[in-house]
Amino acid sequence: MFAVRSLVGLVLSGVFLVAGCSSPPVPSEVARVSSAPAPSSVASSVAREPLTVVLDPGHNGGNARRPDVIGAPVPAGRGKTKPCNTTGTATDRGYAEHAFNWDVAQRVGSLLAAQGVRVVYTRADDSGVGPCVDERAAIGNRAGAAAVVSIHADGATAAGARGFHVAYSAPPLNAAQGAPSVELAEAMRSGLLAGGFPLSDYLGSDGLAPRDDLAGLNLSERPAVLVECGNMRNAGEAAVMSSVDGRQRYASAIAAGVVAFLREHASF
């Protein structure tokens, strides 16, 4: 925990899965790649290729206008299908989850790029449609990502429901979904706890949620997790998510978790 807290402090001090739906055509999207500086250290005399992290901001701002596209079934793994995507949730005051996810992902990406990580995003803006959940997984696979982090917020209506949880695919369908994804989930949990965010009191166990129904995780061939940052229907958490400072706190905690995982498992 001390190491993760140190990483959170380091990240804070540095601050101051795309088209592919086969449904009716929509404007194509291209996975956006950050411009990451070269790492400051090298292995022997040869510059090391930067590690790639894929950030998947859940949903998209244009999904609501194309129910025909986002409602179309796509592969979800384990022999099942799911709708291409959904519109996501929102706070009671109307702050949309897709906007929160997009903003936090951009902040996480900036923090990681500043440390030499190559960051790939599954969508290029917050006004498009999709991509579908199977394509989001495919983006991480094609990128050969050292880690894939899908960023979301929940919309539970249970009274008082609050806190974050981190989902991973279980039972695993390949080696990357086994220990690597569990360890990524644990690193993400440690980062968020060190950032001062509470564990979910209504989903998962001790902040972790093994799932067999999330297409983006089932179809991933890379270490992958989905972070539900908190409950947008909880007034206190909604206030944090709706503030710039709150979103920066989330981003710093997520980035710290990613860096801790990369240092432990990817020779970062």
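How many bridges join strand 7 to strand 8, and do the two run parallel or antiparallel? Strand 7 and strand 8 (residues 208-211) run parallel, and 4 bridges join them. Strands and helices here are DSSP runs numbered from the N terminus, with at least two residues (E) for a strand and at least four (H or I) for a helix. Two strands pair if DSSP finds at least two bridges between them.

Before we go on, a word about the model. It is a predicted one, in which local features need pLDDT of at least 70 and side-chain atom pairs count only at pLDDT 80 or more, while totals for chains, interfaces and linings use all residues. Residues are numbered from 1 along each chain as its sequence is written, and side-chain values use heavy atoms, leaving out hydrogens and water.

Now take in the whole chain. Its secondary structure comes to 8 helices and 9 strands. Of its 268 residues, 52% are buried, a word that stands for under 20% relative accessible area, with exposed being over 50% and partly exposed in between (1.4 Å probe, protein chains only).

Let us return to strand 7. Because 5 of the 5 residues of this strand (residues 165-169) are buried, the rest of the structure largely encloses it. His165, Ala167 and Ser169 point one way, and Val166 and Tyr168 the other way. Tyr168 has Pro210 as its bridge partner in strand 8. Strand 7 also pairs with strand 9 (residues 224-231), in the antiparallel sense over 3 bridges; there, Glu228 is the bridge partner of His165.

What lies along the way from strand 7 to strand 8? Together with helix 5 (residues 179-194), the two strands make a right-handed β-α-β unit. Right-handed says that, with the strands pointing away from the viewer, the path from the first strand over the helix to the second runs clockwise. Among the buried residues of helix 5 are Leu184, Met188 and Leu192. An α-helix has 3.6 residues a turn, so residues three or four places apart point the same way. Just after helix 5, Gly196 takes a positive phi of about 95°.

Finally, look at Ser169, which has its place in strand 7. Ser169 counts as buried because its relative accessibility is 2%.
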